[in-house]
Amino acid sequence: MNQAKVKRVRDLVDGVLLLDKPVGFSSNDALIKAKRVMNAKKAGHTGTLDPFATGLLPLCFGEATKFSQDLLEADKTYETVVHLGQTTDTGDTEGEVIDTRDVSVTLEQIHAVLAQFRGPIAQVPPMYSALKRDGKPLYEYARAGITLEREARNVVIHKLELVAYEAPMLTLSVTCSKGTYIRVLGQDIGEALGCGAHLNALRRTQVGPLTMENMITLDALIAHPEPLSLLAPVDALLASFPAVQLNAELAKRFLNGQRLALGKEPVTVPGEEGRVRVYLDDKLLGTAILGEYSILAPERLIAFVPQ
């Protein structure tokens with residue numbers, strides 16, 4: 001007799017996990033495994049890392065998913081090893097070598113070229129990327145041997161530092177705006193040096209305010225006896241925003257979506273206008289925009305009802 005398969009009951013889990021993504025895993029693969037370990041009903045990641053890349057992949061669970069967009073928009077920091085003298089069709093170690101050139105560059109030349117890539121630059125997205133054209137990701141066209149025209153995108157390289165150089169390996173530290181392709185940056189640096197290049201390794205070390213501190217590997221997560229204890233609170237995503245403290249009456253109105261005039265209220269309000277995180281005591285209520293005359297406009301709200 002066929003028995004109906006029992007559907008697994010998932011838990012309501014809220015918080016942020018700082019995962020050290022292993023090489024060979026897509027970001028979504030890592031998310032699925034972590035979600036299973038946490039037995040979480042709802043989860044999402046905050047910006048894709050290529051399978052060959054490792055490092056900081058913040059995973060949001062439950063209410064934290066409401067604020068994951070903030071990390072998608074945030075600046076990111078990487079350490080990367082650029083292999084000079086070899087160009088691959090993917091821009092990294094997963095591709096086929098399509099060009100080999102001699103490497104005879106000096107430190108002076110490297111420093112001069114790196115200076116050219118600091119600040120606002122234009123990048124052409126790679127064919128081996130998840131960007132879609134007519135509903136299909138570009139990498140599907142690339143695997144079929146089709147190259148499409150792509151428009152250059154404006155990004156900002158906030159920091160580009162030489163960490164080490166032992167020919168042909170060039171180790172760099174990069175802090176950049178959202179949408180930056182480090183593979184393309186490595187290729188473009190190689191072309192500017194006249195020898196071509198591809199990425200040999202890539203590791204993300206920071207996303208917005210989140211760093212590698214308290215990051216955990218997937219193996220350690222799976223083996224941990226109390227994985228839920230590893231979760232940072234939801235407001236770990238919002239640490240860079242000033243805090244507003246409301247009293248119980250104002251908190252109720254805030255959670256009903258009402259705009260609040262805080263100028264004459266006995267509450268804690270930061271001096272500057274802009275985006276803020278909002279609390280009742282130590283309970284996060286959500287985010288808001290603090291405007292002129294201390295007008296607080298609700299933005300994203302937590303499912304929390306004050307007692």
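Mentor: Let us begin with one pair. The side chains of glutamate 191 and arginine 101 meet in a salt bridge, at 2.7 Å from N to O; the term denotes a side-chain nitrogen of Lys or Arg within 4 Å of a carboxyl oxygen of Asp or Glu. This is a predicted model, in which local features need pLDDT of at least 70 and side-chain atom pairs count only at pLDDT 80 or more, while totals for chains, interfaces and linings use all residues. Residues are numbered from 1 along each chain as its sequence is written, and side-chain values use heavy atoms, with hydrogens and water left out.

Trainee: How many residues apart are glutamate 191 and arginine 101?

Mentor: Helices (H or I, at least four residues) and strands (E, at least two) are DSSP runs, numbered from the N terminus. Glutamate 191 lies in helix H5, and arginine 101 in the loop between strand S6 (97–100) and helix H3 (107–116). The pair therefore links distant parts of the chain, which are 90 residues apart.

Trainee: Is arginine 101 buried, partly exposed or exposed?

Mentor: Buried means under 20% relative accessible area, exposed over 50%, and partly exposed in between (1.4 Å probe, protein chains only). Aspartate 99 has 29% and glutamate 191 has 42%. Arginine 101 has a relative accessible area of 28%, so it is partly exposed.

Trainee: Which residue forms a salt bridge with lysine 178?

Mentor: Side chains of opposite charge can pair when their charged atoms come close. Lysine 178 lies in the loop between strand S11 (169–176) and helix H5 (182–192), and its partner in the loop between helix H2 (68–72) and strand S4 (76–84), so the pair ties together parts that are 105 residues apart in sequence. The closest N and O atoms are 2.7 Å apart, and the partner is glutamate 73.

Trainee: How many salt bridges does a search of the whole structure find?

Mentor: For the whole structure, the search finds 7.
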